[in-house]
Amino acid sequence: MRKLIMLAGAVALAACSQEPAEDTATTEAPVEEAAPAGAVANGSPAGVYEVTNADGSKMTANINADGTYSDVAADGTVAEEGTYAVVDGKTCFTPTTEGAKPMCFTESAPGDDGSFTATPDEGDPVTVRPATAATTE
């Protein structure tokens, strides 16, 4: 009886250690590629951007490769910070700053200088340009 239990245990261990056979008859659906890490929906890379609001006021947006962001007012104070992600083809910002509400933006393709228009789900569009392009003009 003891040998039978040991034999059954050995068979069970052998069965567990075998890799399952691959099913070559099934095909996987193509996986939609996500935007590169740290990029906004239109493919612009992480970096520092100058944002011009419809009223002409400006701020700086720091888009970090780790999925975080901060918006800095013209006087140098951090106005908002949080995380961002690309969702359904839009760049969506989720603030951790108290009182700020999440917003998603649809972005135009970047121009030759890297600038683009970002239109929020609610509100006026803003012009966004890499800080290096904004300082050279």
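Modeller: One term to begin with: helices (H or I, at least four residues) and strands (E, at least two) are DSSP runs, numbered from the N terminus. By that rule, Gly99 is found in the loop between β5 and β6.

Colleague: Where does the model come from, and what are the ground rules?
Modeller: This is a predicted model, in which local features need pLDDT of at least 70 and side-chain atom pairs count only at pLDDT 80 or more, while totals for chains, interfaces and linings use all residues. Residues are numbered from 1 along each chain as its sequence is written, and side-chain values use heavy atoms, with hydrogens and water left out.

Colleague: Is Gly99 buried or exposed?
Modeller: Gly99 is exposed, because its relative accessible area is 82%. Buried means under 20% relative accessible area, exposed over 50%, and partly exposed in between (1.4 Å probe, protein chains only).

Colleague: How far apart are the C-alpha atoms of Gly99 and Glu80?
Modeller: They are separated by 9.6 Å, with the two residues 19 apart along the chain.

Colleague: Stepping back, how many helices and strands does the protein chain have?
Modeller: There are two helices and eight strands. Read from the N terminus, the order is α-β-β-β-β-β-β-β-β-α.

Colleague: And what share of the chain is buried?
Modeller: Of its 137 residues, 27% count as buried.

Colleague: How many disulfides does a search of the whole structure find?
Modeller: The search finds one, a disulfide being a pair of cysteine sulfur atoms within 2.5 Å. It joins Cys92 to Cys104, with an S to S distance of 2.0 Å. Cys92 lies in strand β5 (residues 90–95) and Cys104 in strand β6 (residues 103–107), so the pair, twelve residues apart, links distant parts of the chain. The link of Cys92 and Cys104 is right-handed, with 115° about the S-S bond.

Colleague: Why does Cys92 count as buried?
Modeller: Because its relative accessibility is 11%.

Colleague: New topic. Where is Ser115 found?
Modeller: Ser115 is in the loop between β6 and β7 (116–120). It counts as buried, because its relative accessibility is 15%.

Colleague: Which residues is Ser115 in contact with, leaving aside neighbours within four places in sequence?
Modeller: Ala109, Pro110, Val128, Arg129 and Pro130; contact means heavy atoms within 4.5 Å.

Colleague: What does the side chain of Ser115 make a polar contact with?
Modeller: The side chain of Asp113, at 2.7 Å. A polar contact is a pair of N or O atoms within 3.5 Å; within protein, one must be able to donate a hydrogen and the other to accept it, and residues adjacent in sequence count only if both atoms are side-chain atoms.
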